[in-house]
Amino acid sequence: MIFFRKPKVGQILGILGICFILTIFVLPTFSQANKKSQTKSVQSNFPLILRGGEVQVVIRNETSEKDWNQYAFEKTKGLLDAYESFIGVSFHQAAAPIYKSLPEPEKNKVKLILKEAVFLNGTRIGGYNNVSGDLGKDLGIFMEPGIVPRGYPALLLHELGHFYFTEPSWLSEGIVSFLPYLLTKKGTLKLDSEELSAVMDEWSLEEARPPKDLPLSQDFRTLDPSLGLWFYSKAVRTQMILYKELGNAGYKSFLKQVTLAETLNTEGVFKILNKIQKKNWDHILQGWVLAGPYAVYPVNSFLQLKEIDKL
Ligand SMILES: [Zn+2]
């Protein structure tokens, strides 16, 4: 699947997935604009001080878009700072389960790789996320410049969010797409109006309801890839429902508890929700997350920008 300019998160592989070919490239140590002639790669290492200490943002750029590195670093810094301050959990703590299984030199690194063409198993797919090593030894978030050009950071912000949120997928995919918007509205993240509309573009709100509309907990993306964009549309609007029901403080507390949970499934998410506010969550999320007809929130909830703006 190839996609340009208007990327959709539904089309980039998630944090878990199948394996991948490795690119042969030795990472130069600590260099600014260190050129590798045969690959035309430029690597930038940006040290980033966060609440739990330092992180290296390593950007390997194999394209002619050399200005991209500084831009991508600034967006990464902004997002991780905003996550730490809004959720109240340091990046180091949140990402510990991901780094746990990685060799020592790979820990506390955020690797972004920009390539003219990104392939997975011989198919050009535009981008994928392999920060956890499930897709092979070449770690990082792989992207083509057409997907994340300067000024259009939506997919980068989404993928970075997966350092905090990985499972269950209906929850994590919704949160990491919704948070850049919410954090910008709260003034915690600085995005200009075009960057913000890029984030909202990726919600796939224009996606039509399919004839067979399954609940998110069944992860129907894996059953039928053509339903991918509908999955993201439902997942992000589920976060709006939770935000509306919990309020700002309750939602922050929810995100914190989700981040700190060792492993989490749908049942665990409902336990957290009930701990924060006793409500009939089964009924509230019926049709969205759980099976059954839409109940409290109809299927067209939060499709209008003015409805989202009121949150
Ligand atoms: Zn994702």
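Predicted model: local features only at pLDDT ≥ 70, side-chain atom pairs only at ≥ 80, totals over all residues.

Colleague: At what angle do α4 and α5 pack, and how far apart are their axes?

Modeller: Residues are numbered from 1 along each chain as its sequence is written. Axes are lines fitted to C-alpha atoms, for helices over the stretch in contact, and angles run from 0 to 180 degrees between N-to-C directions. On that basis α4 and α5 pack at about 145 degrees, with their axes 9 Å apart.

Colleague: Which residues make that contact?

Modeller: Two residues are in contact if their C-beta atoms, placed from the backbone, lie within 7 Å. From α4 come Pro180, Tyr181 and Thr184, and from α5 come Leu196, Val199 and Met200.

Colleague: How many helices and strands does the protein chain have?

Modeller: Helices (H or I, at least four residues) and strands (E, at least two) are DSSP runs, numbered from the N terminus. Counted this way, the protein chain has ten helices and eight strands.

Colleague: What share of the protein chain is buried?

Modeller: A residue is buried if 20 or more other C-beta atoms lie within 10 Å of its own, exposed if 12 or fewer, and partly exposed in between, with C-beta atoms placed from the backbone. The protein chain has 311 residues, and the buried share is 41%.

Colleague: How far apart are the end C-alpha atoms of helix α1?

Modeller: The expected span of a helix is 1.5 Å times one less than its number of residues. Helix α1 covers residues 68–87, which is 20 residues, so it should span 28 Å. The model agrees, as the end C-alpha atoms of α1 are apart by 28 Å.

Colleague: Are α1 and α3 parallel, perpendicular or oblique to each other?

Modeller: Their axes are 10 Å apart and meet at an angle of about 45 degrees. The contact is made by Ala72, Lys75, Thr76, Leu79 and Leu80 of α1 with Leu156, Leu157 and Leu160 of α3. Angles under 35 degrees count as roughly parallel, over 145 as roughly antiparallel, 65 to 115 as roughly perpendicular and the rest as oblique. The pair α1 and α3 is therefore oblique.

Colleague: Why does Gly78 count as buried, and which residues does Gly78 touch?

Modeller: Gly78 sits in helix α1 and counts as buried because it has 20 C-beta neighbours inside 10 Å. The C-alpha atoms of Gly78 and Lys190 are 7.0 Å apart, although 112 residues separate them along the chain. Leaving out residues up to four places away in sequence, Gly78 touches Leu189 and Lys190.

Colleague: Which residues does Thr259 touch?

Modeller: Thr259 belongs to helix α7, residues 228–260, and is buried, with 20 C-beta neighbours inside 10 Å. Its C-alpha lies 6.0 Å from that of Tyr164, a residue 95 positions away in sequence. Not counting residues up to four places away in sequence, Thr259 touches Ile87, Val89, Ala94 and Tyr164.

Colleague: Which residue of β8 stands opposite Leu112?

Modeller: Two strands pair if DSSP finds at least two bridges between them. Strand β4 (residues 109–114) pairs with strand β3 (residues 53–61) in the parallel sense over six bridges, and Gln56 has Lys109 as its bridge partner in β4. Three bridges also join β4 to β8 (residues 140–143), and these two run parallel. In β8, the residue opposite Leu112 is Ile141.

Colleague: Is Asn121 buried or exposed?

Modeller: Asn121 lies in the loop between β5 (119–120) and β6 (123–124). Its phi is positive, about 50 degrees, although Asn121 is not a glycine. With 10 other C-beta atoms within 10 Å, Asn121 is exposed.

Colleague: Which two residues does a cis peptide bond join?

Modeller: Look at the loop between α3 (154–161) and α4 (169–185), where Pro168 has its place. Omega is about -10 degrees at this cis peptide bond, and the residues joined are Glu167 and Pro168.
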